[in-house]
Amino acid sequence: MIYELFLILPMMLIVLGALMLMLLSHREAPLNRNMLSVLILALAFGLTLSRLGEAHSVFVFEAIFGRSFIVDSFSTLFDLMILGGAMLTLLINHDYFKSRHYFDGDFFALVLFAVFGMMALSHAHELISAFISLEIASLSIYALVGYNSDNPKSREAMMKYVVLGSLAGALFMLGLALIYGATGSTELGAIAAHIAAHPQDAHTMLIIGGFFVMVTLFFKIGAVPFHAWVVDVYHGAPLPVTMLMASTFKIALFAVILRIYLGDFAALGDFWSLPLQILCVLTLIGGSFLALSQSNIKRMLAGSSVVHAGYMLIALNAITLGNFNASESILFYLMSYFISSVGAFGILSFLAAHEHKQLTFEDFKGFGYSHPYLAAMMSIFMLSLAGFPSTIGFLGKFYIFTGAIEAGQIALAALGIFVAFVSIFYYFRLIATMYFYDTPKTEQHFGFDTTTVLILLMAILSIWGGIGTALLPYLPTPDALIELSRHAITSLD
Amino acid sequence: MSLALLILLPFGSSLLLGMLYLFTSLRSERLYALIGVGAPLLISLIALWLGYGQLQGAESLHVSLFTWLSIDALRIEFALSFDHLSAVMMAFVSVIGTLIHLFAVGYMRGDAGFGKFFAYFNFFMGAMALLVLADNPIILFIGWELVGLASYLLIGFYHRESANVTAANKAFIANRVGDFGFIMALVLLFGAVGEGGFSFSAIEAQIYSVDHALLSLIGVLLFVGAMGKSAQIPLYVWLPDAMAGPTPVSALIHAATMVTAGVYMVARFDFLYVLIPAVGLFIAVIGILSALLSALIATMQSDIKKILAYSTMSQLGYMFVAVGLGAYGAGIFHVFTHAFFKALLFMGVGAVIIALHHEQNIFKMGGLRRFMPLVFYPMLIATLALSGVAPFAGFFSKDAILAAAVASEYPLFGVLGLVVAFLTAYYMMRLLLLVFVAPAKHRHTSLHVSPYLSLPLLPLALGSAVAGFWGMGGAYGGGDALTHFLSLSDYAHHLTHKSEYLLALLSNLIAFAGFALAYRRFASGAREPQPTALFERWILERFYVDALYHALLVVPLRRISLWCERIVDDRFVDGTLGLFSGGYRTLATHFSTLQNGNVRHYALYFLSGVSLLSLLLLWRL
Amino acid sequence: MDHMNVANPYFGVFVLFVLTFGAFFATTVIARLASRAMAAKDTEKLKLTVYECGPEVTKQPNRISPQFYLFALLFLLFDVEIVFMFPWAIDFKLLGWFGFVEMMLFILLLAVGFIYAWKKGALEWHNIK
């Protein structure tokens, strides 16, 4: 009992913190709510960290909730990634929060609620709980997207996201009903048992149900053709929210996708692989189209995030074909994408905080001369996102492509590599814009504060993650991250 | 741990200086100088302490800091070792390095890049320490590359002048050619013995199992690396140009320490070269040719620093003769003594250059003895030492090399060595006379020399005078202490005491003959030579080697690059790519029209996606 | 369609679902195309007014304050929660302490929401923040 309480303590902390921030929100008190929420997240992070590396798999309060809620090493790793991601997102936007008047207490309460939803998502071992967690996270994010109600773009983005999101949610419920009808349970273990107990061709309805569930999740990660909202919503949302959606929320979604996939549907791999391959191709090509044709950096990053989802779908497809090692590559890719995209968005947020700009390619002309250090770091992030060797992004792609080739998906891997080459175009376009144009502006002083230090940290991580052999002793290497992911995945079996 | 300190201290202080220089507006020279000189001072204390331990017969130290790489059989430890050879190298590198750092404080005073200079300088010390202390060839190679990098940065230190940048590039490229040989050698060596560990001792243990032909190839390739770093024929062209860097750089890197890395490396691999005497002979031939050629060129140069640069190359040639003929101890002995007097000469020259406001032509100097006795007398000692006059340091080490050459199967090396000695004495005395003794050609009446510039000369002068006694041969009652201490696998050469005295007498006579000739021609001043004879013109134009390289390598390469740029790249590659990328971008524009901002259309895409995928499922089920 | 499982009673639903989407898609496209093709392109000023038939647009006389919707929303929120309390009240003894603690937590959460709404001024008719 006490032990189980201890296991869910991090999530309880987040909820209580959210409630507290909610109640404090009306106060005009000089309270640094950003730091307060970071503190709460850090507490939860510390509590979760103590369990890292320890193999465990416990259904929490099984007598009461049944097997709907699990704490295992898989969810622990994802909790850490989500909490860490949210923490970094809040910290790196420190300057941005200060420069905008509309971030009051409610904002941080909503962020914490969203984090809670994401954590619950990684713990859900039952589809209805998964749905509820997904909706908790999504609802908070809907509200966050439209948070700056003075900005018509922001309001519009929220509206679009709500409409399309509820459409997707409805499909999830439809799929859920079908699955329940086929198996008589929504608990993942029971579904897996059902699949194992029946012959392959008796699963028609289950497959259809699963298909709808997956469509919803693919919608959330922005796979083509369910991607249309991504660019507009990412663009309209306030920068911190865009960061949260692009990185942390995606991590949580992959938590539930991997859990459902590896736990249950992997046995039905034959049926999945074709639709998944089609989705992969569409997502990779469509995403690169999207990213190519944007003139705003935020929109370009949004388009490219679709492409990155496509890479992870390649790995997911490799899993359906039986190469279970590919799941580690997804985890690693999530981390690598997180590091580079948070860094890139961090620079955008830093600039938006200090220079109030639209942040188009035009605005970056001569950036290399006016902000030499930031420009260098931006280049690192772009290189990492493009998957340039000696950055962490390269290793992430490398693992994904080797996983795909091991699963016999040579054509997909080739397409992935091709799209990675295309991505060089739009990432390098930014680098070229930064360095190949003169600027009338003089060099700006580079000051160390929370935001810039974190950006610097992300840049170092991008490089270290790419070349980090044991060059720096006593520090974990990318191998260690992969080892960690492998360890976490084992608890799913 | 103290070994790690030898590496970490200079790198750390370099980083600190670099950070201070880059990120703060601190420009206090005192602070930079304190940090910049403090670090080498500390490491020289440590190195001397450790070296004293070795002298007392302590075990050689081995430290493995961490595993750098571990891929199957490829297991590279980041390991350092401190044995007798590295003790000698480390001791003089750090001590002379410290003195040169001190000198640089005076030399660089008022330069805008003061902090940057010391950051680079300390970086060089760290790299050199890494090179000397490396316990396996890979780490040695890292140090080797890092000193090359430091040298590149420092040659191009005044990077606003394009000639300096060209010189830096030249040095870098010539070294790359050598490094290519070095890398190939390492790869081959690893292929041959890598399975059983790759530290020097492990290689030594397995070396007998390697095929003789392969071993010879490895030996030659390693020496190609040494040619680049130590400026031997044919990769020497960078060294004279490298004098574009500030004078302390020339003293530290291009005279006393870095350029001797090639000799050090060959001595390190003594166990390998002992097995392949034919390659050793090749090394000796290259060495003596380099020595002869550069000594000849030096006799006609008028740039004071270039004379010393060619002299350095010539002395390096001596060292290679020694190691090529298997007299490793003698080679390292000459490295050791040469470091003292060549550093001294460079620093003295630096003081002269500073005093004359960056005048480098010796024919425009003269009569400086009156103004700077504290520079003249140390330089006189160094000149005597370099010319091999007994009993200064250079005499003993040069004599050891000549003795080894005479005693070997090829006494011709000894004869040629004596010719080089004559030329050396001639051009050194020429330099000294023209700068200090001959009637003045300049209008300065009083010249100021900062104590930073002159004081470091004194310990070096002392070193130039007495450093040779450590390695004094048996004939002079010394007993080859240094050679025994180093205990490298020297060939047994034997020369009777009588013939050794004869040799010493001969070489001293020759040196004085050189002095006499120089005195006759230059003591009362001379004009800049206008070459008349064909041979003289050849020498002045440095045998047209640079021009030859330019015509044979640089020009054709540039032509090919231009062709590639204009035809292959522009038409072929870009054309094809342009076709693809243009098409892709057009498609992208069409695709993005779908992104029209209407949520009803978005929902339509969504649902049509769902229905199409449903149809697919329907077909599959 | 070699091993199509027609026996499954829900299969028909699925087919219908697919067809519906097809029909939806077709209808939207056809409607759009047809209206574009057939509609008269008249850009006369009167044509573009809200009420084509004539009356001028005036201010809505019976405007409902937005506060009304807020109240309705809050009412719905708190009222619907009662649904959970009835079954608990009926089976109070059966559910015992566990049920009691559970319900108290639930009410606590509601209370937090209530306080929040109160502090935000959502319950004040005038003076909308």
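What percentage of the 129 residues of chain C count as buried? The share is 1%, where a residue is buried if 20 or more other C-beta atoms, placed from the backbone, lie within 10 Å of its own, exposed if 12 or fewer do, and partly exposed in between. The structure is a predicted model, in which local features need pLDDT of at least 70 and side-chain atom pairs count only at pLDDT 80 or more, while totals for chains, interfaces and linings use all residues. Residues are numbered from 1 along each chain as its sequence is written, and chains are lettered from A and ligands numbered from 1 in the order in which they are written.

- Chain C has 3 helices and 0 strands, and its elements run α-α-α from the N terminus on; helices (H or I, at least four residues) and strands (E, at least two) are DSSP runs, numbered from the N terminus.
- Chain C puts 9 residues in contact with 10 residues of chain B, two residues being in contact if their C-beta atoms, placed from the backbone, lie within 7 Å.
- The side of chain C that touches chain B has 6 nonpolar, 3 polar and no charged residues, with Ala, Val, Leu, Ile, Met, Phe, Trp, Tyr, Cys and Pro counted as nonpolar, Asp, Glu, Lys and Arg as charged, and the others, Gly among them, as polar.
- Between chains A and B, the contact takes 31 residues from chain A and 27 residues from chain B.
- On the side of chain B that touches chain A, β1 (61–71), α24 (545–593) and α25 (599–620) of chain B each supply at least two residues, and α25(B) gives the most, with 12 residues.
- By class, that side of chain B divides into 17 nonpolar, 8 polar and 2 charged residues.

**Helix packing in chain B**

- The axes of helix α8 (residues 212–229) and helix α13 (residues 277–298) of chain B come within 9 Å and cross at roughly 20 degrees, axes being lines fitted to C-alpha atoms, for helices over the stretch in contact, with angles from 0 to 180 degrees between N-to-C directions.
- Helices α8(B) and α13(B) are therefore roughly parallel to each other, since angles under 35 degrees count as roughly parallel, over 145 as roughly antiparallel, 65 to 115 as roughly perpendicular and the rest as oblique.
- The contact joins Ser216(B), Gly219(B), Val220(B) and Phe223(B) of α8(B) to Ala278(B), Val279(B), Phe282(B) and Ile283(B) of α13(B), and its residues comprise 6 nonpolar, 2 polar and no charged.
- Helix α16 (373–387) of chain B packs against helix α20 (residues 457–466) of chain B at an angle of about 25 degrees, with their axes 9 Å apart, and this pair is therefore also roughly parallel.
- Among the residues of α16(B) that meet α20(B) are Leu374(B), Pro378(B) and Ile381(B), and the α20(B) side includes Leu457(B), Ala461(B) and Ser464(B); the contact as a whole has 11 nonpolar, 1 polar and no charged residues.

**Cores and a buried helix**

- The largest nonpolar core has 213 residues, of which Phe124(B), Leu133(B), Ala343(B) and Leu344(B) touch the most other members; such a core is a set of buried Ala, Val, Leu, Ile, Met, Phe, Trp, Tyr and Cys residues joined through C-beta atoms within 7 Å.
- Helix α15 (residues 328–355) of chain B provides the largest share of this core, 19 residues.
- A second, separate core of 198 residues includes Val38(A), Val71(A), Met119(A) and Ala246(A).
- In chain A, 7 of the 8 residues of helix α11 (residues 229–236) are buried, so this helix is largely enclosed by the rest of the structure; among the buried residues are Trp229(A), Asp232(A) and Gly236(A).

**Backbone features in loops**

- The peptide bond from Val224(A) to Pro225(A) is cis, with omega near 10 degrees, and Pro225(A) lies in the loop between α10 (204–221) and α11 of chain A.
- In chain B, the bond from Ile233(B) to Pro234(B) is cis, with omega near 5 degrees, and Pro234(B) lies in the loop between α8 and α9 (238–241).
- Phe61(A), a residue other than glycine, has a positive phi near 50 degrees and is partly exposed, with 15 other C-beta atoms within 10 Å.
- His358(B), in the loop between α15 and α16 of chain B, has a positive phi of about 60 degrees although it is not a glycine, and with 8 C-beta neighbours inside 10 Å it counts as exposed.
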